[in-house]
Amino acid sequence: MAPPKIVTLGCRLNAFESEVIRERALAAGISNTVIVNTCAVTAEAERQARQTIRRLRREHPGARIVVTGCAAQLGAAKFAAMPEVDQVVGNAEKLDAANLAEGAGRIRVTDIMTIRETAGHLIDTPLISDFGERTRAFVQIQQGCDHRCTFCIIPFARGPNRSVPPERIVEQVRALTARGYAEAVLTGVDICSYGADLPEGPKLGDAVAAILAEVPELKRLRLSSLDPAAMDDTLFALLAGEPRLMPHLHLSLQAADDLVLKRMKRRHSRAGAISVCQRARAARPDVVIGADLIAGFPTEDEAMFANTLSAVADMGLTFLHVFPFSARAGTPAARMPQVPGEVRRERAARLREAGDAALAAYLASQVGGTAEVLVESGDEGHTPHYARVRLAGAAPAGAVVEVRLAEARGDHLLGVPLS
């Protein structure tokens, strides 16, 4: 019987959860099943999920197709109505293999907003022993979000903030390191809210400190998106003093105009975000900073957009994730005066151009230096600063190779191994 096939769409958190699903489904003997772990961050993400499901049905005509993840949580009936779909399973149910088995019911989705227990299923999740062909491992440290940004539907797909106890996180990282993973990436929906629901109230910096102290064999620790309004003092201290914490921060910035930020119901200001970048560079002068940015948020005029565009230079941003605003039904932003679609797309293109120029300048500045590259395929990997490097020659996946950065080529560097 064919083992279950897992198709992952969207974020790093989904990537982690897909591995939980894979191991539990295998252990339960589930076979001849394709499980699609969907994303709902934009309307385009949902469209791609439906497109992927239709393609998978053509490719696997005899298999069961189970749809889960955020899009399934928010639109269970809509996915269940697709003739290609056999079963729809919610985010709170997907890590229990019994809910994925044949005969479990066509729709297994409950109200995720009612979940209040600390971490819930996260505490009971078995340690993930493998990440397939990936050479960096994702470690989920929290779930859900208690904030209500006006554009965001994800809290309603993921539920309230629930954190994994620090000792459980350390145990997971230790197990993955023992399996040979050189890099762990801490992930979640809102990792800067980590620990607010735990008895001792640890912060993200405390969890990072525990990992680095108790898993000395871990070579690299990386963080997923950070809220610039909630980075704690310990985190900055570790950035300054712990070389195993990678000098690469990615901020959930979204905009850099104060009125737009207020209408987004974000908790930082433009000046506050600039201060975070300055503080990070004071702690680690070589740190590289990326950001998520939304173009064409409702009511955004050209002057407001100019403030966000200029932030690429003002904050020294290198890696940009740019999204044209996508109205999500049920969110306050969907009821605000909308910017025309062509304007959103044009502004997104301008932001991407600024990001491409910033990345090109950064890569050019690295030429002639050396770096340690974590190899992810035979001839490609990333530096500690998350710059993509293609190697002049093959190296085993998972190896950390010291290279001379010989040339910048578009969006990557050419690396020549030193030995």
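Q: What gives the most to the lining of the second largest pocket?

A: Strand S14 does, with three residues. Strands (E, at least two residues) and helices (H or I, at least four) are DSSP runs numbered from the N terminus. The model is a predicted one, in which local features need pLDDT of at least 70 and side-chain atom pairs count only at pLDDT 80 or more, while totals for chains, interfaces and linings use all residues. Residues are numbered from 1 along each chain as its sequence is written, and side-chain values use heavy atoms, with hydrogens and water left out.

Q: How many residues line the second largest pocket, and which lie nearest its centre?

A: On a 1 Å grid over the protein atoms alone, a pocket is an open set of points with protein on both sides within 12 Å along at least five of seven lines, a cavity is a set where a 1.4 Å probe fits but cannot get out, and lining residues have an atom within 4 Å of a point. Here 16 residues line the second largest pocket, and Arg220, Ala371, Glu372, Thr383 and Pro384 lie nearest its centre. Two or more lining residues come from each of helix H13 (341–366), strand S14 (370–377) and strand S17 (400–409).

Q: Which residues have the most contacts inside the largest nonpolar core?

A: In soluble globular proteins, nonpolar side chains tend to be buried together. A nonpolar core is a set of buried Ala, Val, Leu, Ile, Met, Phe, Trp, Tyr and Cys residues joined through side-chain atoms within 4.5 Å. The largest core in this structure has 57 residues, and Ile169, Val208, Leu226, Met231 and Met315 have the most contacts inside it. Apart from that core lies another, of 21 residues, including Val34, Ala71, Ala76 and Val88.

Q: Why is strand S9 described as largely enclosed by the rest of the structure?

A: Buried means under 20% relative accessible area, exposed over 50%, and partly exposed in between (1.4 Å probe, protein chains only). Strand S9 (residues 183–187) is largely enclosed because five of its five residues are buried. One side carries Glu183, Val185 and Thr187 and the other Ala184 and Leu186, so that both faces are covered.

Q: Which strands pair with S9, and in what sense?

A: Two strands pair if DSSP finds at least two bridges between them. Strand S6 (residues 136–140) pairs with S9 in the parallel sense over five bridges, and alanine 137 has alanine 184 of S9 as its bridge partner. Strand S10 (residues 220–223) also runs parallel to S9, joined by four bridges. Arginine 222 in S10 is the bridge partner of valine 185.

Q: Where is lysine 265 found, and what is its phi?

A: Most residues other than glycine have a negative phi. Lysine 265, although not a glycine, has a positive phi of about 65 degrees. Lysine 265 lies in the loop between helix H10 (258–264) and helix H11 (270–283), and it is exposed, with a relative accessible area of 53%.

Q: Where is tyrosine 386 found?

A: Tyrosine 386 is in the loop between strand S15 (380–382) and strand S16 (388–391). Its phi is also positive, near 75 degrees. Tyrosine 386 is partly exposed, with a relative accessible area of 22%.
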